[in-house]
Amino acid sequence: GRAVAFALATGALAAAVASAQGFPPAAFVGALRLQPQAALLALPIIVAEELLFRGIVQRGLEEAVAARTTPDRARAFAAAAGLVLSVVASAAAGGPGAGILLALHGGAAVTRAITGRNSASILARVATVAGAAAWAAAHA
């Protein structure tokens, strides 16, 4: 229902922001043209990252501050703090630039905060990566 629609819309917006910053790189698009099934390798990585960053970190932060503030503020704090942690962790692991990481993780963090669903954050991340890759392939 609404969570799916929100996740897809947020993913599309995040894909546009990431694409505007040059994500994915041309070499990635070229590799996908040669081996399109390789795109499936990204799926378990996205799921694992979302389970960690949104399912554990963001939810844990939300629960940690819930007793001291309103539910909306707890969700907003958890989304912002979780986003910073996920960007720092991804950058340290050799990910793309900070702006691209903010787009990739930001859409998922907002989706988790608004919907309260980790499945929606996973869908938002998949939509972001797929949308950016499709845009890059169409404009290469």
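Student: Leaving aside its neighbours within four places in sequence, with which residues is L51 in contact?

Tutor: This is a predicted model, in which local features need pLDDT of at least 70 and side-chain atom pairs count only at pLDDT 80 or more, while totals for chains, interfaces and linings use all residues. Residues are numbered from 1 along each chain as its sequence is written, and side-chain values use heavy atoms, with hydrogens and water left out. Contact means heavy atoms within 4.5 Å. With neighbours within four places set aside, the contacts of L51 are I56, N118 and I122.

Student: How far apart are the C-alpha atoms of L51 and I122?

Tutor: L51 lies in helix α3, helices being DSSP runs of H or I of at least four residues, and strands runs of E of at least two, numbered from the N terminus. L51 and I122 are 71 residues apart along the chain. Their C-alpha atoms are separated by 8.1 Å.

Student: Is L51 buried, exposed or partly exposed?

Tutor: Buried means under 20% relative accessible area, exposed over 50%, and partly exposed in between, with a 1.4 Å probe and protein chains only. L51 has a relative accessible area of 45%, so this residue is partly exposed.

Student: Why does R54 count as buried?

Tutor: R54 is another residue of helix α3. R54 counts as buried because its relative accessibility is 0%.

Student: With which side chain does the side chain of R54 make a polar contact?

Tutor: A polar contact is a pair of N or O atoms within 3.5 Å; within protein, one must be able to donate a hydrogen and the other to accept it, and residues adjacent in sequence count only if both atoms are side-chain atoms. Beyond four places in sequence, R54 is in contact with residues including S86, H105, A108, S121 and R125. Its side chain makes a polar contact, at 2.9 Å, with that of H105.

Student: Which residue supplies the backbone oxygen that lies 3.1 Å from a polar atom of the Q58 side chain?

Tutor: Q58 lies in α3, which spans residues 42–65, and is buried because its relative accessible area is 0%. Not counting residues up to four places away in sequence, Q58 touches, among others, A78, A79 and R112; the C-alpha atoms of Q58 and R112 are 8.3 Å apart, although 54 residues separate them in sequence. The backbone oxygen 3.1 Å from the side chain of Q58 belongs to A109.

Student: Are α3 and α5 parallel, antiparallel, perpendicular or oblique to each other?

Tutor: α3 and α5 (residues 98–115) pack with their axes 11 Å apart, at an angle of about 50°. Axes are lines fitted to C-alpha atoms, for helices over the stretch in contact, and angles run from 0 to 180 degrees between N-to-C directions. Angles under 35 degrees count as roughly parallel, over 145 as roughly antiparallel, 65 to 115 as roughly perpendicular and the rest as oblique. α3 and α5 are therefore oblique.

Student: How many residues in the contact of α3 with α5 are charged?

Tutor: The contact includes E49, E50, R54 and Q58 of α3, and H105 and R112 of α5. Ala, Val, Leu, Ile, Met, Phe, Trp, Tyr, Cys and Pro count as nonpolar, Asp, Glu, Lys and Arg as charged, and the others, Gly among them, as polar. Four residues of this contact are nonpolar and two polar, and the number of charged residues is six.

Student: How many residues in the contact of α1 with α6 are nonpolar?

Tutor: The axes of α1 (residues 2–20) and α6 (residues 118–138) come within 7 Å and cross at roughly 40°, which makes α1 oblique to α6. The contact involves, among others, A3, L8 and G11 of α1 and L123, G131 and W135 of α6. Four of the contact residues are polar and none is charged, while the nonpolar residues number 12.

Student: Are α1 and α5 roughly parallel or roughly antiparallel?

Tutor: Their axes lie 9 Å apart and the packing angle is about 165°. Among the residues that meet are F6, T10 and V17 in α1 and I100, L104 and I114 in α5; by class, this contact has 11 nonpolar, four polar and no charged residues. Given the angle, α1 and α5 are therefore roughly antiparallel.

Student: Is the peptide bond from F23 to P24 cis or trans?

Tutor: P24 is placed in the loop between α1 and α2 (26–34). The bond that joins F23 to P24 has omega near -5° and is cis.
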